[in-house]
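Subject: Structure handover and notes

Hello,

Here is the structure we talked about handing over. My notes come after it.

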Amino acid sequence: MKSAKISFLGLDNAGKTSILIALDRKYNFIEEIEKLKPTVRVERSSFKFLETEIYKHDFGGQTKFREEYLKDKDKYLSDTSLLFFVMDVQDSDRFKESIEFFEQIAGYFKEIDQKLPILIMLHKFDPKLKEDKKLIRKIRELKKEFFGWLPYHDIYFFESSIYDIYSLIDAFSFGLSQIFPKKELIDKYIESVGKEFNTTALLLFSENGIAMSEYYKRFLNDNEKENVKTQFYNIQRRISESSDNVYEFSDWISAKTRVSGVIQSFMVGYLKFFVLFIIRESNEEDAVKLLNRFESIKEDLAEILEGLISSASVTI
Ligand SMILES: Nc1nc2c(ncn2[C@@H]2O[C@H](COP(=O)(O)OP(=O)(O)OP(=O)(O)O)[C@@H](O)[C@H]2O)c(=O)[nH]1
Ligand SMILES: [Mg+2]
């Protein structure tokens, strides 16, 4: 069995455990998060994704624990395939302290000559703060602090908040794609099918609801994209409880756009996947064509997914 380790690091109170809980639950988690206590040392949990056991390491961020990790970096940090570095953007008084910690971690991987995908989570950027000019300026300045590391690691920035579950799902899905190097093949295929059939959106999900590939027509705005995903999560819950493998629906994704959608599940070996496609209601013919072609699309997807599964980078 292959395995990969994802490390979540950052100062205490940054929101690491909250992010992990939100990703696990996806619904009704706010109350649980408000009661959270600081994490003591490292909490590990795992899940299976594409035949790979993914271990999540949630590193408690209090000073005494950070000191421990830094004293024995080999023990705590080695074998990391992907790093989430979480920062509380509302707490600018601690930006400096947080950057200093980051430098120690990034420096360790540089020393052992490992180029690492690092997602900088600019966290607690809550929806109500999105227009806060002062904060936006601070975040822009903060990002610059990481630029010096760009030659050594693959650094990506994500603005996130537990009040916007999609900001977390998107970052996590992107992170996972970094562990599976052949993922771009899936993206290209999904995009080509999406364009060929003139779909509004075409998405591929794994059984545990991780978006593996997403194609959206260019005119869709973030709000509409979010509506598409909400549709998917609601319907997926329903079909995973029934034996149906096709589900059709029709809905408004914005005041102007009414769409028809189909969710179809299929198996690759014993792994289950879902494809969701959404088409403007006026394009009913394209929807029928796409459904008729689904058997051959499914075969292509299965083949690419098998390649993806075998491409997972192995650690431990
Ligand atoms: N406003 C806001 N608060 C958040 C967000 N995410 C987490 N919090 C709050 O931040 C506090 C700390 O969250 P934790 O997840 O425990 O932080 P942590 O990084 O795991 O802390 P340690 O375990 O000590 O390292 C909690 O009270 C959460 O409710 C967010 O996106 N926005
Ligand atoms: Mg914690």
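What follows is a set of notes on the model, by topic.

Please keep in mind that this is a predicted model.

**Domains**

The domain assignment divides the protein chain into domain 1 (2-179) and domain 2 (182-311). Their C-alpha centres are 29 Å apart. Domain 1 puts 10 residues into the contact and domain 2 puts in 11 residues. On the side of domain 1 that touches domain 2, β2 (42-49) and α7 each supply at least two residues. The largest share of that side, five residues, is from α7. Sorted by class, the side of domain 1 that touches domain 2 is made of six nonpolar, two polar and two charged residues.

**Ligand 1**

Which residues are closest to ligand 1? They are G15, S18, P38, T39 and G61, out of 21 residues that surround the ligand. The most comes from α1, with three residues. By class, the shell has 11 polar residues, five nonpolar and five charged.

**Helix α8**

Helix α8 covers residues 183-196, which is 14 residues. From first C-alpha to last, α8 reaches 20 Å, close to the 20 Å expected at 1.5 Å a residue. Its buried residues are K183, I190, V193 and G194. These cover an arc of only 100° around the axis, so they sit on the same side of α8. The face turned away from that buried side carries E184 and K195, both exposed. As for packing partners, the buried residues of α8 pack against α7 (165-179), β7 (201-206), β8 (211-216) and α11 (294-310).

**Helix α6**

Is α6 in the open or buried? Of its 12 residues, the number buried is zero, so α6 lies largely in the open. The length agrees with what a helix should give: the 12 residues of α6 (residues 133-144) should span 16 Å at 1.5 Å a residue, and the end C-alpha atoms are 17 Å apart.

Most residues other than glycine have a negative phi. Two exceptions deserve a look when you open the model.

- R41 is not a glycine, yet its phi is positive, about 50°. R41 is in the loop between α2 and β2. It is partly exposed, with 13 other C-beta atoms within 10 Å.
- N198 has a positive phi near 55° and is likewise a residue other than glycine. N198 comes after α8, in the loop between α8 and β7. With 15 C-beta neighbours inside 10 Å, N198 counts as partly exposed.

**Other residues**

- P117 is found in strand β5. Its C-alpha atom is separated by 5.4 Å from that of L82, although P117 and L82 are 35 residues apart along the chain. Leaving aside neighbours within four places in sequence, P117 is in contact with L82, D154 and Q178. P117 has 19 other C-beta atoms within 10 Å and is partly exposed, because a residue counts as buried at 20 or more.
- L129 is in the loop between β5 (117-123) and α6. With 17 C-beta neighbours inside 10 Å, L129 is also partly exposed. L129 and K48 are 81 residues apart in sequence, and their C-alpha atoms are 35 Å apart in space.
- N223 lies in helix α9 (residues 222-240). N223 is exposed, with 10 other C-beta atoms within 10 Å. N223 and K138 are 85 residues apart along the chain, and their C-alpha atoms are separated by 25 Å.

Regards

Technical notes. Residues are numbered from 1 along each chain as its sequence is written. Chains are lettered from A and ligands numbered from 1 in the order in which they are written. This is a predicted model: local features need pLDDT of at least 70, side-chain atom pairs count only at pLDDT 80 or more; totals for chains, interfaces and linings use all residues. Helices (H or I, at least four residues) and strands (E, at least two) are DSSP runs, numbered from the N terminus. The expected span of a helix is 1.5 Å times one less than its number of residues. A residue is near a molecule or strand if its C-beta atom, placed from the backbone, lies within 6 Å of it. Ala, Val, Leu, Ile, Met, Phe, Trp, Tyr, Cys and Pro count as nonpolar, Asp, Glu, Lys and Arg as charged, and the others, Gly among them, as polar. The arc is that of the directions from the helix axis to the C-beta atoms. Two residues are in contact if their C-beta atoms, placed from the backbone, lie within 7 Å. Domain bounds come from an automatic or database domain assignment.
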